[in-house]
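Please look through the chain below before reading my comments.

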Amino acid sequence: MKKRNILIAAVFVMAMGVLPACDVIEECGTCELVTEDGDGNKTYGTPLPFCGDDLKDKEDALPVTINGVTTYWNCY
């Protein structure tokens, strides 16, 4: 009986680690922060997963330019 409970718990923990963190109902996507200097050179940040309102906020965010360096979110 103990082995069965341990097995069920292990399968549950592994399933939680494999399944995506976002809810199935919410729209999810991946966004990366892009930095572009005045010469057009682009630097891409690490792609991060976003869901629901967080994803919508990143998609709707306007580019920000400071001292000729522009940053914006690229979502796909």
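1. Basis. This is a predicted model, in which local features need pLDDT of at least 70 and side-chain atom pairs count only at pLDDT 80 or more, while totals for chains, interfaces and linings use all residues. Residues are numbered from 1 along each chain as its sequence is written, and side-chain values use heavy atoms, with hydrogens and water left out.

2. Strands here are DSSP runs of E with at least two residues, numbered from the N terminus, and two strands pair if DSSP finds at least two bridges between them. S1 covers residues 28–36. S1 is joined to S5 by six bridges, and the two run antiparallel. S3 also runs antiparallel to S1, with four bridges between them. Strand S2 (residues 42–44) pairs with S1 in the antiparallel sense over three bridges.

3. The hairpin. S1 and S2 form a hairpin with five residues between them. In its turn, Gly40 has a positive phi of about 90 degrees.

4. First disulfide. A disulfide is taken as a pair of cysteine sulfur atoms within 2.5 Å, and by this rule there are two. Cys28 and Cys51 form one of them, with their sulfur atoms 2.2 Å apart. This link is right-handed, with 105 degrees about the S-S bond. The pair links distant parts of the chain, as Cys28 is in strand S1 and Cys51 in strand S3 (residues 48–51), 23 residues apart. Cys51 is also the bridge partner of Cys28 in S3. For accessibility, buried means under 20% relative accessible area, exposed over 50% and partly exposed in between, using a 1.4 Å probe and protein chains only. Cys28 is partly exposed at 38%, whereas Cys51 is buried at 10%.

5. Which cysteine is bonded to Cys31? The partner is Cys75, and the sulfur atoms lie 2.0 Å apart. The link of Cys31 and Cys75 is right-handed, at 110 degrees about the S-S bond. Cys31 belongs to strand S1 and Cys75 to strand S5 (residues 69–75), so the pair links distant parts of the chain, 44 residues apart. Cys31 is buried, with 0% relative accessibility, while Cys75 is partly exposed at 22%.

6. Aromatic pair. Rings of Phe, Tyr and Trp (its six-membered ring) pair if their centres lie within 6.5 Å; planes under 30 degrees apart count as stacked, over 60 as edge-to-face and the rest as tilted. The structure holds one such pair. The rings of Phe50 and Trp73 have centres 5.8 Å apart and planes at 80 degrees, so the pair is edge-to-face. Because Phe50 lies in strand S3 and Trp73 in strand S5, the pair ties together parts that are 23 residues apart in sequence. Phe50 is buried at 16% relative accessible area; Trp73 is partly exposed at 26%.

7. Glu32. This residue of strand S1 is buried yet has no salt bridge, meaning a side-chain nitrogen of Lys or Arg within 4 Å of a carboxyl oxygen of Asp or Glu. The nearest side chain of opposite charge is Lys42, 9.3 Å away. Lys and Arg count as positive and Asp and Glu as negative; His and the chain ends are not counted. In S5, the bridge partner of Glu32 is Asn74. Leaving aside neighbours within four places in sequence, Glu32 has contacts (heavy atoms within 4.5 Å) that include Tyr44, Pro47, Trp73, Asn74 and Tyr76.
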